[in-house]
Amino acid sequence: MDRMRPHPGRSELFAYAEQLAAANPAIPAETARHIARCPACAAEVQRIRASLVFLESAPELTPSEEQTAQILAAARSERRTGGKASSAGIRFVVRTAKGIACAAAVFIMGAVSFRAVLIEQPAVHAASARAVLARPAVDNAPSPETIRKVSSDIRELATVLQEGNRPQSPAEWRSRRIALAVREDLAEASSALERNPGCERARRLITVNLARQADALKTLYVERTL
Amino acid sequence: MAEGVGKTAAWERSSRLRLADRTGVPLSELGDEELMLRHAEGSEAAFEELVRRRQKGVLNYIYRMVQNRQIAEELTQEVFLALVKNAERYRPTAKFTTYLYTIASNIVAKEWARNKRRPRIFSLSSWYRNDESEIDPIEQVGDDAANVLATFQRGEVSEAVNAALKRLPEHLREAFVLHRLQGLSYEEVAAITDAPIGTVKSRVVRAEHALRPLLKRFREYM
């Protein structure tokens, strides 16, 4: 009686599963014999096949004619300019960076000033400060309506950045990608809060970042339209 | 008028098929490597043929890597612009697809690096794990399997697959997408990712194993 060989490893089973669907399968005879006699390995091969078949059944994106035309137009432009457009892109990046640095500086100055006021007048406001601290943190958080409104403003700004003429420089493409990423983050954060409105961490994160992101997007928008 | 416009479009499509290189061979019958050499010599028609042949594959590869269609479209354009910029330096030492996807892989890697360097002011959180040591700061978001399932229930299989792929570390995702979804051989994937063939095979196997619990839920709904 044949002594059944040890179970093939995961890599071997995967290779076997791949070969099953290959045009010219090269299946090791010993592996095939084992799988034919081993229900566990046969089941594992089936599971692998099912995963692969499902993944490969996902519909693919089809590029639009417009997108193809844009690639060809950009290629023609690149051949004509030979990279000279990049200097304009660099200038745009410098302007945008200056705008963002300015907005960040204003925010930091405001935060420092606010903190300085608290430190300078502890004796006078100690009682009221204690009262503030004693209140539940949720009282200081903006209302859901406020969060929704600011979130909506940000989404609108992000959308505006994509309307009109498509960016022509690498720097503008990058700014758009930042705006897209912000919008994606916000969508996921909003979904998280919708699934669990009581999640304080989600609310704190949204509260802290929403205003900053609105300012940053406004800066990008202003720079983009200069 | 409308009929005239339709006839013009049809003529343009058929004339593209009749485009030939200077030897009279239709461009559609030339290999990718030959088209790239023609493009390096200045043939815009050869470049257009390359774009039409390979654009869909590159777009879908990048889409599975970055999970955002608009970003994928922009990065696809960057890939083909890179072909233009490097045309004169092209040498057909390997398959053209290896060359093309190496460019695409590098552009995707730069995009990932940009995302990681992105100031926190623009990012609420790391919503997906590129590194197993990252901690999801939103502890009550709900597990990713639920996200994936919710996407599938909305009928978006492609997005559901994306959500599942998003769970994979980048190196596993790339190997799996290039080999199983783009149909490249292990040897090609090894050349593109600059990894040994054994490592590539191991990554593909590990990727499938990691994806399976998520995909199992889809299949139960199908």
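Residues are numbered from 1 along each chain as its sequence is written, and chains are lettered from A in the order in which they are written. In this predicted model, local features need pLDDT of at least 70, side-chain atom pairs count only at pLDDT 80 or more, and totals for chains, interfaces and linings use all residues, while side-chain values use heavy atoms, without hydrogens and water.

The predictor assigns the complex an ipTM of 0.74 and a pTM of 0.60. Its confidence in each residue is the pLDDT, from 0 to 100. The mean for chain B is 78, and 69% of its residues score at least 70. Helices (DSSP runs of H or I, at least four residues) are numbered from the N terminus; the table gives the lowest and highest in confidence in chain B.

| Helix of chain B | Residues | Mean pLDDT |
|---|---|---|
| H1 (lowest) | residues 2-17 | pLDDT 47 |
| H9 (highest) | residues 186-193 | pLDDT 96 |

Residues 1-18 of chain B have a pLDDT below 50. Where pLDDT is low, the predicted coordinates should not be read in detail.

Chain A contains 9 helices and 0 strands (strands being DSSP runs of E, at least two residues). Of its 226 residues, 31% are buried, that is, under 20% relative accessible area (1.4 Å probe, protein chains only).

B:His39 lies in helix H2 (residues 32-40) of chain B. This residue is buried, with a relative accessible area of 5%. Beyond four places in sequence, the contacts of B:His39 (heavy atoms within 4.5 Å) include A:Arg79, B:Phe47 and B:Leu83.

Notes
Buried means under 20% relative accessible area, exposed over 50%, partly exposed in between (1.4 Å probe, protein chains only). pLDDT is the predictor's confidence in each residue, from 0 to 100.
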